[in-house]
Amino acid sequence: MQENKRRVGDKYERLAAEHLQRAGYRIRERNFRCKFGEVDLIAEKDGYLVFVEVKYRSTARYGMPSEAVDARKQRRICNVASFYLYRNHLPADTPVRFDVAAVSEQSMEMIENAFPYCGRFG
């Protein structure tokens, strides 16, 4: 079961990355992991470093895909972003943005600025 979920996740992360590339984004990282957590995609566009969480739902039974990115998940992604900036020697004032790719069987919705930056290790 877990292997199948990972394979499904990989498929939709790949589709989201392809969508972003067609829209002019440069993908820097896929599945970046550190001690603070994981973020699906890290991309660049228009001077922003964009951290993208990809959420897939086959049905609305458990809510919409974007609803899965709750406050706890947002804090975790912000911590990963802070670590990424630190590890890559990027200035603390680097413009960052947090987007969500909400994917269902019928569509993919890119939600730009889905949530604000929570600060360093907040």
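**Buried charges and salt bridges**

Reader: Why is Asp99 called buried?
Author: In this predicted model, Asp99 has a relative accessible area of 1%. Buried means under 20%, so Asp99 is buried.

Reader: What makes Arg97 and Asp99 a salt bridge?
Author: Their closest N and O atoms are 2.8 Å apart. The cut-off is 4 Å between a side-chain nitrogen of Lys or Arg and a carboxyl oxygen of Asp or Glu. Therefore the pair counts as a salt bridge. Arg97 is buried too, at 9% relative accessibility.

Reader: How do you know that Glu53 and Lys73 form a salt bridge?
Author: The closest N and O atoms are 3.6 Å apart, within 4 Å. Glu53 lies in strand β3 and Lys73 in helix α2, so the pair ties together parts 20 residues apart in sequence. Glu53 has a relative accessible area of 3% and Lys73 one of 18%. Both values are under 20%, so both residues are buried.

Reader: Why is Glu44 called partly exposed?
Author: Its relative accessible area is 25%. That falls between 20% and 50%, so Glu44 is partly exposed. Glu44 forms a salt bridge with Arg28, with the closest N and O atoms 3.2 Å apart. Glu44 sits in strand β2 and Arg28 in strand β1, 16 residues apart. Arg26, Arg28 and Glu44 are linked in a network of salt bridges.

Reader: What makes Thr94 buried?
Author: Thr94 has a relative accessible area of 18%. The limit is 20%, so Thr94 counts as buried. Thr94 lies in the loop between α2 and β4. The Thr94 side chain reaches the backbone oxygen of Pro91 at 2.6 Å.

Notes. Residues numbered from 1 in each chain as written. Predicted model: local features only at pLDDT ≥ 70, side-chain atom pairs only at ≥ 80, totals over all residues. Heavy atoms only, no water. Helix = DSSP H or I, 4+ residues; strand = E, 2+ residues; numbered from the N terminus. Buried < 20%, exposed > 50% of the residue type's maximum accessible area, 1.4 Å probe, protein only. Polar contact = N/O pair within 3.5 Å; in protein donor to acceptor, adjacent residues only side chain to side chain.
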